[in-house]
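Let's take a walk through this model, one piece at a time. Have the sequence and the 3D view open as you read.

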Amino acid sequence: MIDDLYWKIMHKKDEILNASRGYSLGKTDSLEAKLKEVWVSYCPEPESREVLAVDGGMWVKEARAGALYAIDAVAIKGRGLGWDVKDSDSDVGFISPGKDAKELVSLLMEISELKLAFRNSKEAELLLMDGSITKKLKKSEGVSTQSIDVDPNKPTRPEGKDDKERLENAMREQRTYVFHLLSNHKDKAVWISKRSRGNNIFGTDYPDEVVLETLTEDCGYTKPRPLKVNMPVTFSYSYVRLEKGEKILRLEFFGGEERLREILSALRSTQIKGYPIQLVQAHMKARFSKADRRRLESLLRPLFGGPEWWPSQLKL
């Protein structure tokens, strides 16, 4: 019963918290040597640049005959700590039977983000995208990008006669927009991840970002390494800290160490607590809050079906 679980949480809360904090990661000789090899302390003077930041949000509600969904994406433009909404996109619909609904809707959201970036990036010196380009391209790995017309003003909607065809078409469109964005704006585009599970640099059981957050506190970066992913241009990645004592971020970008230093100078003019303010605002504007989800469910409730006397958890 759920009441039993709550009781166990109350009794085991301290034990669980101690376990989550108790990882043992000290400065061994091998880690010290590797840290000196890869980490560069670097706190440049902030340099103001025109920044465009893009993020998206999604909502999926499974019904008996398929899935309801809503997506949106927001582009925030600004310089330094200033920001303003530059552009946005959204859609709502029903997918039937909706076997791969969450995966499909996630791709539709990414396509909306890429369209906003594509049609607004000319006005910015730096384009910030949330997440990892590596993960995004892995979703569409092996899918052909031929015979896809690029139209950033076209509504982002699922196309195809069934679930399989819709998913393949979405993967093809997502990959096409990534490639076009890289081909036309590779010098501007930077993907930023707040969390990364990669451990290729230090080779420990912990993610590289955990090692860096444990063993360093100054602002700086790891020397850029090439991304091993099939793209029309060669991208690099680096773990960076924009402000002393703040969280480590993973950056994926075109170029080498000199380009990374230019990006860090620009990002330091935009950061609050170690994260670009424009990306924070894009996330806040695009995310579906609990209130938004409740409102969507209320507006679309007639489509859910199910007897009125059932518990709400059982109404699909």
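You're looking at a predicted model, where local features need pLDDT of at least 70 and side-chain atom pairs count only at pLDDT 80 or more, while totals for chains, interfaces and linings use all residues. Residues are numbered from 1 along each chain as its sequence is written, and side-chain values use heavy atoms, with hydrogens and water left out.

How confident is the predictor? On the pLDDT scale (the predictor's confidence in each residue, from 0 to 100), the protein chain has a mean of 89, and 91% of its residues reach 70 or more. Helix H1 (residues 2-21) has the lowest confidence, with a mean of 75, whereas E7 has the highest, at 98. Those labels are DSSP runs numbered from the N terminus: helices (H or I) have at least four residues, strands (E) at least two.

Now find the cysteines. There is one disulfide (a pair of cysteine sulfur atoms within 2.5 Å), and it joins Cys43 to Cys219, with an S to S distance of 1.3 Å. The two partners sit 176 residues apart, linking distant parts of the chain: Cys43 is in the loop between strand E1 (39-41) and strand E2 (50-63), and Cys219 is in the loop between helix H6 (208-215) and strand E7 (220-222). The torsion about their S-S bond is about -100 degrees, so this disulfide is left-handed. Cys43 is partly exposed at 44% relative accessible area, but Cys219 is buried at 3%.

Next comes helix H2 (residues 29-38), whose buried residues are Leu31, Leu35 and Val38. These cover an arc of only 80 degrees around the axis (taken from the directions from the helix axis to the C-beta atoms), so they lie on the same side of H2. On the other side, Asp29, Ser30 and Lys36 are exposed. The buried residues pack against E1, H6, E7 and strand E8 (225-226), where contact means heavy atoms within 4.5 Å.

Finally, the strands, which pair if DSSP finds at least two bridges between them. E2 and E3 run antiparallel, joined by 14 bridges, and form a hairpin with two residues between them. Strand E3 (residues 66-79) also pairs with strand E4 (residues 84-95), again antiparallel, over 11 bridges. This second hairpin has four residues between its strands, and Gly80 in the turn has a positive phi of about 60 degrees. Because 12 of the 14 residues of E3 are buried, that strand is largely enclosed by the rest of the structure.

Notes. Buried means under 20% relative accessible area, exposed over 50%, partly exposed in between (1.4 Å probe, protein chains only).
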